[in-house]
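Colleague: Let's go through this chain together. I will ask, you answer briefly.

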Amino acid sequence: MVAWRDFVRALPAQADGRDAAEVVTIDVVPAKLGADGSVVTIESTHGSFDNDLETISRTINRVLGKVPSAPLEVGVTDLKY
């Protein structure tokens, strides 16, 4: 485990300056944006990363070769399923 942590710490920062390995430190994450601007959240448990709007948006940008925090042409708005 120590070797893994050392490896992760040595990774370069993401293009927008965030650490290479992000750790969720909040109790809930946004999973859905309502048309009225409301936000539906889910608990930030071990499996919540694929239902977190920010995580998925940042991942799509990485796949597209963009800065992770860049706005998406069509934003992710609903991962509540």
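Modeller: One term before we start: a contact means heavy atoms within 4.5 Å. Note too that this is a predicted model.

Colleague: What share of the contacts in the chain with a separation of 6 or more comes from residues 24 or more positions apart?

Modeller: Take the contacts with a separation of 6 or more. Then keep those between residues 24 or more positions apart. Their share is 35%.

Colleague: In what order do the elements of the chain run from the N terminus on?

Modeller: The chain holds 2 helices and 2 strands. Its C-alpha trace spans about 45 × 25 × 15 Å along the principal axes. From the N terminus on, the order is α-β-β-α.

Colleague: What percentage of the residues in the chain is buried?

Modeller: Buried means under 20% relative accessible area. The chain has 81 residues. The buried part of them is 19%.

Colleague: Is the aromatic pair of Trp4 and Phe7 stacked, edge-to-face or tilted?

Modeller: The structure holds 1 aromatic pair. The ring centres of Trp4 and Phe7 are 5.4 Å apart, and the planes meet at 35°. Stacked needs under 30 degrees and edge-to-face needs over 60.

Colleague: In which helix do Trp4 and Phe7 both lie?

Modeller: The two are 3 residues apart, about one turn of the helix. That helix covers residues 2-10. It is α1.

Colleague: Does Phe7 count as buried, partly exposed or exposed?

Modeller: Exposed means over 50%, and Trp4 at 53% counts as exposed. Phe7 has 44% relative accessibility. That value lies between the cut-offs of 20% and 50%, so Phe7 is partly exposed.

Colleague: Which residue in β2 stands opposite Leu33?

Modeller: β1 covers residues 28-33, and β2 covers residues 39-43. The strands run antiparallel and are joined by 5 bridges. Opposite Leu33 stands Val39.

Colleague: Which residue in the hairpin of β1 and β2 takes a positive phi?

Modeller: The hairpin has 5 residues between the strands. The phi in question is near 90°. The residue is Gly37.

Colleague: Which element gives the most to the lining of the largest pocket?

Modeller: The pocket holds about 620 Å³ of space. Its lining has 22 residues, with Glu22, Val23, Val24, Phe49 and Thr55 nearest the centre. β1 and α2 each supply at least two residues of the lining. With 5 residues, the element that gives the most is α2.

Colleague: Is Leu79 buried or exposed?

Modeller: Leu79 lies in the segment after α2. Leaving out residues up to four places away in sequence, Leu79 touches Ala31, Asp50, Asn51, Asp52, Leu53 and Ile56. Asn51 is 28 residues away in sequence, with a C-alpha distance of 5.1 Å. The relative accessible area of Leu79 is 12%, under the 20% cut-off, so Leu79 is buried.

Colleague: How far apart are the C-alpha atoms of Ala70 and Arg58?

Modeller: Ala70 is also found in the segment after α2. With a relative accessible area of 24%, Ala70 is partly exposed. Arg58 lies 12 residues away along the chain. The C-alpha separation is 7.9 Å.

Note on methods
Residues are numbered from 1 along each chain as its sequence is written. This is a predicted model: local features need pLDDT of at least 70, side-chain atom pairs count only at pLDDT 80 or more; totals for chains, interfaces and linings use all residues. Side-chain values use heavy atoms; hydrogens and water are left out. Rings of Phe, Tyr and Trp (its six-membered ring) pair if their centres lie within 6.5 Å; planes under 30 degrees apart count as stacked, over 60 as edge-to-face and the rest as tilted. Helices (H or I, at least four residues) and strands (E, at least two) are DSSP runs, numbered from the N terminus. Buried means under 20% relative accessible area, exposed over 50%, partly exposed in between (1.4 Å probe, protein chains only). On a 1 Å grid over the protein atoms alone, a cavity is a set of points where a 1.4 Å probe fits but cannot get out, and a pocket is an open set with protein on both sides within 12 Å along at least five of seven lines; lining residues have an atom within 4 Å of a point. Grid points are joined across faces, edges and corners, and a volume is the space filled by probe spheres set on the points. Two strands pair if DSSP finds at least two bridges between them.
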